[in-house]
Amino acid sequence: MKEKLLSLKEAAKNAIIAAKDEHEIDELRVKYLGKKGELTALLKQMGSLSPEERPVMGQLVNEAKQHIEELITSKATEMKNKATELKLKAETLDITLPAKTQSAGKIHPLNTVLNDMLDIFQSMGFDVLDGPEVETDYYCFECLNVPADHPARDMQDTFYLSKDILLRTQTSAAQARVMQNNKPPIRIVCPGRVFRADEVDATHSPVFHQIEGLVVDKGITMCDLKGVLEQFAREIYGKDTAVKFRPSFFPFTEPSVEVDVTCSECGGKGCRVCKGTGWIEILGAGMVHPNVLRSCGIDPEVYQGFAFGIGLDRITTTRYKISDIRLLFENDKRFLEQF
Amino acid sequence: MKISLNHLKNYVEINVPVEEMCEKMVMAGFEVESIEKQGDNLVNCVVGQIKKITPHENSDHLQICQIDVGKEELVQIVTGAQNIKEGDFVPTALDNSYLPNGAHIVAGKLRGVDSFGMLCSGEELGLTEADYEGASVHGILILKGELETGTDMREILGLDDYIIDFKITANRPDCNCFLGVAKEISVVLGTKFKAPETNYKTVGGNVKDYIDVEVKNYELCPRYIGTVVKNLRIKPSPDWMQKAISASGMRPINNIVDITNFVMLETGQPMHAFNYNELSGKKIVVRNANAGEKITTLDGKDYELTTDMLVIADGEKPSCLAGIMGGKESEIEDDTKDLFLESAKFKRDNIRHTARSLGIRTEASGRFERGVDIMNTEYATNRALSLIYELDAGDIIDGKIDCNNGLPKERILTVTAQSVTDLLGVDIPTEKMVEILNSLELKTTEKDGVLKVNVPSIRDDVEGRADIAEEVMRIYGYDHIVGTPMRGDVRRGTKLDERNKADKLKTLLCGMGMYEIMTYSFISSGAIDTLLLDKNDARRNAIKIINPLGDEYSTLRTQLTTSMLTVLSTNINRKIENGRFYEISKRFIPHSLPVTEQPDELATMSIGIYGKQEDFFTLKGIIEQIMKLFGSHTQYVRSSEPYLHPGRQASCLANNKPVAVFGEVHPAVAASYDIENRVYVAEIDLSELYAVNKRKVTYKPLPKFPAVERDFAMLCDIDLPVGDIEKAITSGAGRLLEKAELFDIYVGSQIPEGKKSVAYSVWLRSNEATLTDEQIDAATQKIISNLEKIGATLRK
């Protein structure tokens, strides 16, 4: 009986190794391990053995059963893996085929740059406010120390809607409203659209955008102004950016300065972008004129502050090397896609 | 203001290279627009000597010259000029040379003969008789004396000057002149400054015997000084004066006119010269014009005046538009015998107003508008008379008529040195402040930290400590300002709610493949007509710009759709296959027209989409996502915008208020934008959209009990809106409804004519227990009966 068992085991092993597919394996499983299988038949013959032989033989049979089972399982797994492998291989894709996607849209480049700037100013504690685009002569000029027929009005060509109502030429117009409605400390930026009667060409647009900044508190100095602008410049143009003040004139600030930053193109060495100077003018700023504070009901003997006005369009065209400002308002999709 | 560097050296010692001086001036507040080196436009032009002249075979006027230009070989040049002879020294433009008139000279052939350059006339070199004697001769400029051939012509012509264009800011009218700029240069360079002397002798007499001056309006003319010069000897002014005037962009005319212009450029005080013999009644009256009074100005133009305009009249009529331009009749001409000379101060806003209303702008009016110094009028008169004397241009009558209503007293400003440093944040030693202020002719003394500043009338821009701080700082140097980090409350700045919501909206729109656009706030006056709006439509009430850049940009928009259509048209006509665009901007709605107060500025969004995958429902999908973002309950109803397809447009209501109108653009409207495709637009009222935002997110437990799905296929009239079917299902299912989804809609074979088949999947679920068959049947029956009420019968 023992010989029978051994030969059965050997036969099973050979059959399993020779099996060609999962179907054959299933058949072998039935043939050897099934209820009517050969091992079961062998077990049934155990009755004919002596009581001493029975446990020994029983153990041998069980061992043989386990062995065959393992062989079958491992062969089955092997075959399954092989089948999967084949299937996956057949499913190989050309990964260079185009993606299937609803491509995302884009924010307008002016707003992308604006958002960066607002984020920087918010991080320095500036609240972001808005002001009306249609302003009164009072808020756009009078209140900002530019009385009627003042020569400073020549600096700006204004679109008028009536004698006293106009399209604001500067976001500074929002300054006075903020100061009238809020007590110091004031720390705001006011981005927005402004208008000047400039004929349209590659560098001029009758519609453009500014960000006005205003800080009013006790003890605010010109050094604070420089500190804020330095932080701003470093975040926009990189950590090695330097800021330079050049004296200038704006009616609503005194002292007034033009602010230059290290040319981001050449790092200050001088190139075509900065016309060889190493500097790029990015904004105008200054200490709020006492007359402006006074006309907004703030005592210039107690409070002082600074204001600045940044040209968004210029910074955007410089950042992206956009050669013609008109592209910003033309809205060709192939242009908008690039930002 | 353009100034000759050589001329500036008459007033101030300049001991550094021109670039360095300019850099220092920039850092003191005087922007330099340009530094133009004279002769920069004259390149590769040298002295040549004509060695041989031969006639040209194919021409009777051309001659062939062999020119010695200082090199071993002679250069052959063909010329048409006849005024040359062998041995002459002539300006020779070599191959690849540039002339002041912009010409680029290269070698070529003239009637078959090689010519390697050009011989130049005075005119071609940009010269006048004042620059070089004989420059005005027709033909080649024959150079004087024995010259070394090959010498650069710039050297011969003495073109070693620089013309510097300073940009003078509006607060410094005192620097709109040679003396003002020279004074500032002396401060930044720390060198000596010297104003010219004003010595002259009179021939006696008394000016009062010659002229009577009356100022009728001292408000508009606070000071008027008049003098008389007899027996004019009119001739050209000297070279140095012509050069100085030309450098500053004015044209030399004759000695008298040039002196008045030169004195204006030098002192900043405009002068006016009248032909004394033409002054009727020997009288000058400074008065407002009478209504309808007329004047013909120097340039021959006629103007009708209004009573707010100031004129200088003689005994009868206006002889000069005060501060702006003289009259033709009293113009100085070559044969003018006697002169009345004016030096006055006019009120700046009046001059500005008159100049603007008449549309005239002159060197004089520009200076009066910006402001001249009342104390300078006398110095300018003296300077002009001294030049007349020096140039022997006439006989000066003794005395001046000086009309004024009292001259300003000296103005003393007191500020503490501390308040100056407090503003700047920089510790500047008090002595340094005093030194700087004094150098700027702001005479200052200091006692116990208090600065007493004597402000001359010429510096009326200096009003208080901020101005003192600026004067000190611009000379002390802005590089002393060292940035300090932001101080105060430590908190992040806030944004307005609208801005936060717009940011959120833009994130969503980006995700839906939409591009943000930006367009001008103004449109053409006719743009609104393209929308075919009713003539009473409120959107036609748009604000017009009084002084637009042309009709194209004349009208503040009351809607954003026309701008969007323009953008769609641009993209479509550039063959871009598809596009999804939006713009967030403002509409301007006036309260009344013409405007008397600020209009409402309404935050609005427009959307425009096109392309083969787009239709009404993709646009509706976008609208739906937007409404969902703000969590409002929405409803769609048919709308009736004339610019949209009558059957393919809708209004989206949120809480029963219209928030958006959208649909396919009417083909007639599209056609006026050259659009043949179907395009879809929407306009959304953002303030309404933001207002309906009541969405507060609270977690709802996930369902514990299974849902049951039932399908309903029905037949109904083809016109029955699917929305009604959905309503019938929704209300039928009641609280058990989880969702109802349309999954098929069909018209065609096997469906009776005029009918359509509609199929919905409905999911029912309870949060309390698994639904029983009874509950499901009850809901199903209710749905069926609701459907039947609207004429939809279940298909068996």
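Helix 8 (residues 363-370) of chain B is mostly covered, with six of its eight residues buried (20 or more other C-beta atoms within 10 Å of the residue's own, C-beta atoms being placed from the backbone; exposed means 12 or fewer, partly exposed in between). The model is predicted: local features need pLDDT of at least 70, side-chain atom pairs count only at pLDDT 80 or more, and totals for chains, interfaces and linings use all residues. Residues are numbered from 1 along each chain as its sequence is written, while chains are lettered from A and ligands numbered from 1 in the order in which they are written.

**Helix 8 of chain B**
- Helices (H or I, at least four residues) and strands (E, at least two) are DSSP runs, numbered from the N terminus.
- Ala364(B), Ser365(B), Arg367(B), Phe368(B), Glu369(B) and Arg370(B) are the buried residues of helix 8 of chain B.
- These buried residues pack against helix 6 (255-267) and helix 7 (348-358) of chain B, a contact being two C-beta atoms, placed from the backbone, within 7 Å.
- Gly371(B) follows helix 8 of chain B and has a positive phi, near 110°.

**Domains**
- Chain A is assigned domain 1 (2-90) and domain 2 (109-336); such bounds come from an automatic or database domain assignment.
- Between the C-alpha centres of domain 1 of chain A and domain 2 of chain A the distance is 88 Å.
- The assignment for chain B includes domain 3 (207-404) and domain 5 (497-691), and the C-alpha centres of these two domains of chain B are 59 Å apart.

**Ser525(B)**
- Ser525(B) sits in the loop between strand 28 (522-523) and strand 29 (555-556) of chain B.
- Ser525(B) is partly exposed because 16 other C-beta atoms lie within 10 Å.
- Beyond neighbours within four places in sequence, its contacts are Asp551(B), Ser554(B) and Thr555(B).

**Four-stranded sheet of chain B**
- An open sheet of chain B has four strands in the order 37-38-36-39, with antiparallel pairing (two strands pair if DSSP finds at least two bridges between them).
- Strand 37 (737-746) and strand 39 (793-794) of chain B are the edge strands, each pairing on one side only.
- Two bridges join strand 36 (residues 708-717) of chain B to strand 39 of chain B in the antiparallel sense, and Leu715(B) stands opposite Thr793(B) in strand 39 of chain B.
- Helix 19 (residues 773-789) of chain B packs on the sheet, touching strand 36, strand 38 and strand 39 of chain B, and makes about 15° with the direction of strand 36 of chain B; axes are lines fitted to C-alpha atoms, for helices over the stretch in contact, and angles run from 0 to 180 degrees between N-to-C directions.
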